[in-house]
Amino acid sequence: MQTTMFYAGLLAIWFFVLSWRVIQKRTSGKINLGDGGNEEMLRRIRGHANFAEYVPMALILIAMVEETGMAKWVVHALGGALLTARLLHGIAFSFTEKWFLGRFVGTLITFIVIVSAGGLCVWKGLAAI
């Protein structure tokens, strides 16, 4: 699972960046809990939370695909696409006010990765039955 591990490491670093952005805004805005009615804080929280909601499942699916012995280029394609998607989505939420394209493309690619990896898991699972 070394290929998945590589992407998991890069995504962990990006997750830290998104976390740090939330912490920075909490400190500068003196926001202890929730978003404090601050739209920028809400965007940062949602960018961070959205990552936490989707990336674990995607990484688990990619790891399972890699474990089946799938071609390395497939695992790199899934991992690279997920990383690109989460960077676009995170930048759109945490670093900009209204970058709809980054949010839309990031979401779309994330879903493509999850559905593709999930489909490959089903296919490999059926082949083993």
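Student: Which residue just after α2 takes a positive phi?

Tutor: In this predicted model, the residue is G69, and its phi is about 90 degrees.

Student: How should I read the start of α2?

Tutor: One looks there for a side chain that reaches a backbone nitrogen. Here a side-chain oxygen of N38 comes to within 2.9 Å of the backbone nitrogen of E40.

Student: How many residues does α2 have, and where does α2 bend?

Tutor: Helix α2 has 29 residues, and its span from first C-alpha to last is 42 Å, close to the 42 Å expected at 1.5 Å a residue. The bend, about 30 degrees, lies at V55, and the proline P56 follows within four residues.

Student: What does α2 give to the largest nonpolar core?

Tutor: The largest nonpolar core has 21 residues, and L11, F51, I62, V65, L78, L82 and L120 have the most contacts inside it. At least two residues of this core come from each of α1 (2-29), α2 (39-67), α3 (72-94) and α4 (100-128). The contribution of α2 is the greatest, at seven residues.

Student: Which residues is L120 in contact with, leaving aside neighbours within four places in sequence?

Tutor: With those neighbours set aside, L120 is in contact with V65, M70, V74 and L78.

Student: Is H89 buried or exposed?

Tutor: To be called buried, a residue must have under 20% relative accessible area. H89, which is found in helix α3, counts as buried because its relative accessibility is 2%.

Student: Which residues does H89 touch?

Tutor: Not counting residues up to four places away in sequence, H89 touches N50, G102, R103, G106 and T107.

Conventions: Residues numbered from 1 in each chain as written. Predicted model: local features only at pLDDT ≥ 70, side-chain atom pairs only at ≥ 80, totals over all residues. Heavy atoms only, no water. Core = buried A, V, L, I, M, F, W, Y, C linked by side-chain atoms within 4.5 Å. Buried < 20%, exposed > 50% of the residue type's maximum accessible area, 1.4 Å probe, protein only. Contact = heavy atoms within 4.5 Å. Expected span 1.5 Å × (residues − 1). Bend = angle between axes of the 7 residues up to and from the residue. Polar contact = N/O pair within 3.5 Å; in protein donor to acceptor, adjacent residues only side chain to side chain.
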